[in-house]
Amino acid sequence: MELAVGAAWLLLMTLALSLTMSGPGQSAEKIDPERVPSQNQASDQVQDQLQVQEGKKHFVKATCWGCHPHGENALHGDKPLKGPAFSKRFKSDEDIVAFVRRGSKFGMPPFPKSKLSDNDLRSIIVYIRSLSKKSDTAHAK
Ligand code: HEC
């Protein structure tokens, strides 16, 4: 159920984003120089959103979502993949890579490269990081 809602939302977002991307104003001749900076900013944000959506797809595909819906932790409620405490435990992305590859004896299976490629894991981390507010990470450093 949760998953179906998530998937539907993902689909909607992807559609909305692809509409934005293919909308008018993107062709080089028509760009008003005065407006270029803000258009670039907007398209950076769209790029970021697309990367997050891509990461979420991998997060679902790699079965993470089953135990971590919306970055929560269904088995250990006090270990979500977001928030100040998480950002403090996992200061760098490498810390997340190491943990996911190794797993944990407290119910998290290991994900070796044979199960999850480096690229997919990087993409998943973009999604995980997007779940925490900027202030959470700033606080952790
Ligand atoms: C079978 C359930 C299960 C699956 C599938 C699973 N996890 Fe976990 N995960 C857990 C549990 C349980 C913990 C808490 C482990 C602990 O406390 O040591 C955890 C902890 C984590 C943590 C550390 C959280 C913290 O706050 O300390 C990260 C990061 C994480 N998982 C990422 C992932 C990713 C990425 C995937 C998919 C590739 C994944 N998990 C798949 C059960 C799962």
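1. His70 sits in the loop between α3 and α4. Its phi is positive, about 55°, although His70 is not a glycine.

2. A word on the source. This is a predicted model, in which local features need pLDDT of at least 70, side-chain atom pairs count only at pLDDT 80 or more, and totals for chains, interfaces and linings use all residues. Residues are numbered from 1 along each chain as its sequence is written.

3. Thr63 also has a positive phi without being glycine; the value is near 75°. Thr63 lies in the loop between α2 (36-61) and α3. Thr63 counts as partly exposed because it has 13 C-beta neighbours inside 10 Å.

4. Now the overall fold. The chain has seven helices and zero strands. Helices (H or I, at least four residues) and strands (E, at least two) are DSSP runs, numbered from the N terminus. Of the 141 residues, 14% count as buried. Take the contacts in the chain with a separation of 6 or more: residues 24 or more positions apart account for 71% of them. Two residues are in contact if their C-beta atoms, placed from the backbone, lie within 7 Å.

5. Next, the core. The largest nonpolar core has 14 residues. Such a core is a set of buried Ala, Val, Leu, Ile, Met, Phe, Trp, Tyr and Cys residues joined through C-beta atoms within 7 Å. Phe59, Ile96, Ile124, Ile125 and Ile128 touch the most other members. At least two residues each come from α3, α5 and α6 (118-130). The most come from α6, which gives five.

6. Last, the ligand. It is surrounded by 24 residues, and the closest are Cys64, Cys67, Ser104, Gly107 and Met108. A residue is near a molecule if its C-beta atom, placed from the backbone, lies within 6 Å of it. Two or more shell residues come from each of α3 (64-67), α4 (84-89) and α5 (93-102).

Definitions and conventions. Buried ≥ 20, exposed ≤ 12 C-beta atoms within 10 Å, placed from the backbone.
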